[in-house]
Amino acid sequence: MKKALYCMLLASGVALADPGTVIRTTDLRDKPFLDASKIATVTNNTQIDIRSRKGAWMEVKLPNGQVGWIKLLNVRTSSGTSSSNNALANVIKTGSSGKTVTTGVKGLSAEQINNAVPNPAEMRKMATFAASPSDAQRTALANNLSKNTVPAINSTSTSGPNNTMTPMRR
């Protein structure tokens, strides 16, 4: 059993490098941080080998042999073309198949929106975050903001020279 596991780990080590393509020019950094030292500039369409992933960063090896970190949003992986060995390697390495890597804000699905129910307790909590008019004026004065008058939006009319909005629904 140990031999089989050891063989699988050795085989996966060979297949850990996943190919990818840089989709926009980016900096190659020595660590997975924005303030890490810049090693080089990687131009778009550069073919890379992805060695590992850490959060929103990928450790990559460039064709010239340089190794460093770039943000994963700047890389297109070759998902869907990887072999089952790569999928197995990703499962061993990360605990997942590696088919989906996401970062950023997740939106709501249509089903979640349709099934949403109001939460009065959260609405009351949000109301406590609102600034009073006097607090807003004090903050505006402290930050040198000035008052500007803008025309009101008529929520029931679609006429007017610059009004291309549809009526608001309540």
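Me: How many salt bridges does the structure hold?
Reply: The structure, which is a predicted model, holds 4 salt bridges. A salt bridge here is a side-chain nitrogen of Lys or Arg within 4 Å of a carboxyl oxygen of Asp or Glu.

Me: Which residue pairs with R29?
Reply: R29 forms a salt bridge with D27, at 3.2 Å from N to O. R29 counts as buried, at 15% relative accessibility, whereas D27 is partly exposed at 25%. Buried means under 20% relative accessible area, exposed over 50%, and partly exposed in between (1.4 Å probe, protein chains only).

Me: Which other residue forms a salt bridge with D27?
Reply: K38 does, and the closest N and O atoms are 3.6 Å apart. This pair links distant parts of the chain, with D27 in strand β2 (residues 26-29) and K38 in strand β3 (residues 38-42), 11 residues apart. K38 is partly exposed, with 48% relative accessibility.

Me: Changing topic, how many helices and strands does the protein chain have?
Reply: The protein chain has 5 helices and 7 strands, in the order α-β-β-β-β-β-β-β-α-α-α-α along the sequence. Helices (H or I, at least four residues) and strands (E, at least two) are DSSP runs, numbered from the N terminus.

Me: What share of the residues is buried?
Reply: Of the 170 residues in the protein chain, 20% count as buried.

Me: What is the mean pLDDT of the chain?
Reply: The mean pLDDT is 76, and 65% of the residues reach 70 or more; pLDDT is the predictor's confidence in each residue, from 0 to 100. Over residues 80-84 the pLDDT is below 50, and this stretch has 3 contacts beyond near neighbours in sequence. A contact means heavy atoms within 4.5 Å. Residues 159-170 also stay under 50. Where pLDDT is low, the predicted coordinates should not be read in detail.

Me: What conventions apply here?
Reply: Residues are numbered from 1 along each chain as its sequence is written, and side-chain values use heavy atoms, leaving out hydrogens and water. Local features need pLDDT of at least 70 and side-chain atom pairs count only at pLDDT 80 or more, while totals for chains, interfaces and linings use all residues.
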